[in-house]
Each structure stands twice: as structure tokens, then as C-alpha cells.
Amino acid sequence: MKSLIIIFLAGLIWLSGIPPAAAAGQTHLIPCQESAAFMERMQKAPKTYYFDQPYRAYSANLLCGEEGLPHLQLRLDRAIDVAIPFAIFFYFAGFVGWSGRAYLISSKRASKPEEMEIFINIPLAIQSFIQGLLWPLLAFKELTTRELTAKDSDLSVSPR
Amino acid sequence: MMASLMKYLTSAPVMAALALVILSVVMIELNYLFPGLQYGTYFHTAP
């Protein structure tokens, strides 16, 4: 019963949250340089490098809505606008996480692991960074060999 | 003397500051090479 209510509420929020235009698959986006509202904003902006350059980039490359602001549209021919920044973020986040993890795992094997957390061992750190660069491959390898996750027997479970 | 200097330089706060400086330089260079990056116009030619 409880899960039914949750599903019903989730459906209600989902349906009420989608604007009709997006649901119908239609958009009113036009290239920014053809949008009168955008051009007005561009002319009103202060004439400095930090305003000129972005506005010129928007007018050449992006699509604007009726209010004259640029929008990123989720459609296939513009997928690269979303995919590339996502890929860069995802790879970089993984790189940072995997390097740190590799360093900590290696430092645990040393005689004084705590000292290696306070004073960074440069050769080991560089080795960890190199491992971090290959993180998608290493993560896949560790997932298939079950090194990535802890064994069920190692997890404590509260009595129920 | 040299050993204690190296130990100080490899301490976590110094290394963290160094990493921050390197990251800032990388970001500034990326912005120089791909001027569209900061505007969300990724890898389209900037005017």
C-alpha cells in the first residue's frame, strides 16, 4: 500500500512537472543572433571583455528562448554540448578518486601508513596518478575480479 | 638540512597548495586554448 502511494505521488509530480511544450517535443528555441530579446540584452550589457566575449560566443553558437537567454537543448545533433563536458567531468572526478584510493591502498602496506598521509611520498603519488589516468580500465577489471567491492561476509548487519 | 626541507615541502598542506596552483594553471590554459569552454559553447569555434 505504502509503495503504491509512493508510485502514485511520483507519477503525479512527474506529470505536473513537465511543461506542455517539452512534453509535446516542440521547442521555441532559435539561434541567439536571430533573437530580438537576446540582441537587446547584448546591447545593454557593459562593454567589457568579460561581457563581449561570452555574448559573441552565445550569439554564434547557442540557441535562445523567447526571453533572450541561451538554452542547452537535449537533442541528438547538439548532444556534444552536453556529452563532452559530462565526459570531462566524469573522467576527472574518477581520476581524482582513483588516484587517492590507489595512494591510500599502497600506503597501508608501508610500515608507517599515518606518516605517509601527512608527508606525501612523491614517487608513490606519481605512481598513483598514473593508475588514476587508467581508472576506467582498472575499475572494470576490479569489478569483474570482485576486488572493487567488499565481500558480504565483511559487512556488519544489524540484528533484525 | 636538505632532507628536512624536502620533508616540509612534501607535507600535505604544501602539496595541496601546489596541486591547487597546478590545477589553476591548467584551467587558465584550457580557457586560452578553447575560449568557448567557459561559456558552455563547447568546442564550437569561438568568434
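Colleague: What is the mean pLDDT of chain A, and how many of its residues reach 70 or more?

Modeller: The mean is 85, and 91% of the residues of chain A reach 70 or more. pLDDT is the predictor's confidence in each residue, from 0 to 100. This is a predicted model, in which local features need pLDDT of at least 70, side-chain atom pairs count only at pLDDT 80 or more, and totals for chains, interfaces and linings use all residues. Residues are numbered from 1 along each chain as its sequence is written, while chains are lettered from A and ligands numbered from 1 in the order in which they are written.

Colleague: Where in chain A is the pLDDT below 50?

Modeller: Over residues 19-25 of chain A. Beyond near neighbours in sequence, that stretch has three contacts in the model; a contact is a pair of residues whose C-beta atoms, placed from the backbone, lie within 7 Å. Where pLDDT is low, the predicted coordinates should not be read in detail.

Colleague: Which secondary structure does chain A have?

Modeller: Eight helices and three strands, in the order α-α-β-α-α-β-β-α-α-α-α along the sequence. Helices (H or I, at least four residues) and strands (E, at least two) are DSSP runs, numbered from the N terminus.

Colleague: And chain B? What share of chain B is buried?

Modeller: Chain B has two helices and zero strands. Of its 47 residues, 4% count as buried. Chain A has 160 residues, with 14% buried. A residue is buried if 20 or more other C-beta atoms lie within 10 Å of its own, exposed if 12 or fewer, and partly exposed in between, with C-beta atoms placed from the backbone.

Colleague: Which residues form the largest nonpolar core?

Modeller: Cys32(A), Phe38(A), Tyr55(A), Ala57(A), Tyr58(A), Leu62(A), Leu63(A) and Cys64(A), eight residues. Helix H4 (49-61) and strand S2 (63-64) of chain A each give two or more residues to this core, and H4(A) gives the largest share, three. A nonpolar core is a set of buried Ala, Val, Leu, Ile, Met, Phe, Trp, Tyr and Cys residues joined through C-beta atoms within 7 Å.

Colleague: What does a second core include?

Modeller: That separate core has six residues, among them Tyr103(A), Ile120(A), Ala125(A) and Trp135(A).

Colleague: Why does Arg146(A) count as exposed?

Modeller: Because Arg146(A) has 9 C-beta neighbours inside 10 Å.

How values were computed:
Two residues are in contact if their C-beta atoms, placed from the backbone, lie within 7 Å.
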